[in-house]
Amino acid sequence: MSDVSFHDYAALPSDARARLMKRSEADLSAIIDKVRPIIEAVRTEGDGALVRFGRDFDRAEGLNADGLKVSEAEFDAAFAAVDAAVVDAIRFGIDNIRSFHEEQKPETMWMKEIRPGAFAGDRFTPIRSVALYVPRGKGSFPSVTMMTAVPAVVAGVPDLAIVTPPAPDGGVDAATLVAARLAGVETVYKVGGAQAVAAVAFGTETVKPALKIVGPGSPWVVAAKRLLAGTLDTGLPAGPSEAIIFADDTVHGGLAALDLLIEAEHGPDSSAYLVTHSRRVADEALAALPDLWARMSAQRVAFSRAVLTGSTGGIVLTGSVEESYDFVNAYAPEHLEILSKEPYDHLGRITEASEILLGQHTPCSIANFGLGPNAVLPTSRWARTYGPLSVTDFVKRSSVGYVTAAGFPLLAQHAHTLALYEGFSSHALAVSPLRQEFIR
């Protein structure tokens with residue numbers, strides 16, 4: 001398998017090491033130029049633009065303006081169309097995801113007495129309206145519906161809607177509709193790509209505008225979010241899939257190859273690296289790939305092969321386990337697996353990863369489909385400052401303060417001093433004896 005990209009990290013010059021950090025969406029300038037007219041068309045033409053783009057980009061010849069919103073009958077038909085085992089798997093995943101996210105939900109309000117008679121705290125309230133983006137271009141993703149919808153419902157968002165690309169017949173993936181209803185979301189719009197982001201930013205005749213949009217998407221979706229970030233909250237940066245499989249010398253390289261393919265099969269714009277300091281593990285992984293590809297569908301082989309033979313994937317052989325740690329932290333992956341018989345030995349050395357899966361029985365597959373933690377994760381090194389999607393992404397925090405008459409004099413004294421120092425005369429007046437005259 002000499003065509004798989006193989007990088008001897010210790011021997012690479014600094015510029016080659018830097019290139020390994022790049023993702024497919026690193027340079028969106030060409031896409032942004034194409035996205036601008038799409039956004040403007042949706043803003044000015046509304047539903048007409050959504051139908052036109054659905055037919056042009058998604059080949060949804062069956063789409064029409066009257067059918068942009070999924071009907072009650074379509075929801076009912078979806079349950080009849082989806083195999084019972086798939087429905088059970090969706091229920092199972094939703095139960096786990098809900099259980100996990102209920103633990104994240106902050107208390108509605110807390111207060112602490114900071115000084116005698118002076119109280120301060122936080123209050124959490126749901127965001128009024130949020131759109132959940134569920135991609136479809138290279139497959140169907142009821143799992144993304146589960147991951148975005150459940151924490152939003154747990155948070156209590158009153159106005160939730162899913163936007164997802166239409167199929168050629170103008171419909172929506174049936175399992176996605178099943179997952180939406182089981183999670184508690186009844187509004188689904190048949191619109192995807194950059195036009196979906198624009199639709200929820202501005203609203204159309206059918207699509208209600210939202211205050212925020214969350215969910216992963218293609219570079220076109222990422223580009224639209226960047227352009228519209230001043231119009232709506234675009235949430236955490238979630239682009240094409242990426243993963244690092246970190247393997248030490250206690251595991252078989254075939255296991256590393258098995259898991260390396262998980263995120264690589266999402267599409268040719270994914271990123272996936274096996275990082276190991278063990279030549280044996282690297283060689284075993286290379287040897288295992290042909291048999292694994294022989295067991296996969298042709299489309300997923302094409303996607304994963306494109307990733308692993310291209311510039312955003314392959315095998316990175318480091319000179320030491322410490323160098324492996326350094327690579328992982330510099331890359332800051334969306335998904336990280338630590339393949340080791342003693343994964344906790346490594347956990348303390350890795351700080352820059354959004355999702356960390358430990359040991360030989362925790363592949364990305366299990367996390368993606370319902371271990372509990374959210375699988376909508378920041379990409380493109382944003383794991384350095386963002387975490388996974390959570391209940392807190394669907395609520396907003398307000399500070400609350402209350403000072404009693406007894407607590408006022410001490411706080412007023414110090415506020416008055418600083419107000420005068422900073423030159424704010426009205427600030428100072430508000431905490432001067434004049435206040436007590438008005439109160440009396």
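Author: Domain bounds here come from an automatic or database assignment, and a pocket is an open set of points on a 1 Å grid over the protein atoms alone, where a 1.4 Å probe fits, with protein on both sides within 12 Å along at least five of seven lines; lining residues have an atom within 4 Å of a point. This is a predicted model, in which local features need pLDDT of at least 70 and side-chain atom pairs pLDDT 80 or more, whereas lining totals use all residues. Residues are numbered from 1 along each chain, and side-chain values use heavy atoms, without hydrogens or water.

Reader: Where does the second largest pocket lie?

Author: Domain 1 (4-23 + 239-372) and domain 2 (26-105 + 125-226) both give residues to its lining, so the second largest pocket lies between them.

Reader: And which residues lie nearest its centre?

Author: Of the 16 residues lining the second largest pocket, those nearest its centre are Ser354, Glu355, Ile356, Leu357 and Pro373.

Reader: Switching to rings, how many aromatic pairs are there?

Author: A search of the whole structure finds nine aromatic pairs, counted when ring centres lie within 6.5 Å (planes under 30 degrees apart are stacked, over 60 edge-to-face, the rest tilted). Phe119 and Tyr402 are stacked, at 6.2 Å centre to centre with 25° between the planes, whereas Trp382 and Tyr386 pair edge-to-face, at 5.7 Å and 85°.

Methods. Rings of Phe, Tyr and Trp (its six-membered ring) pair if their centres lie within 6.5 Å; planes under 30 degrees apart count as stacked, over 60 as edge-to-face and the rest as tilted.
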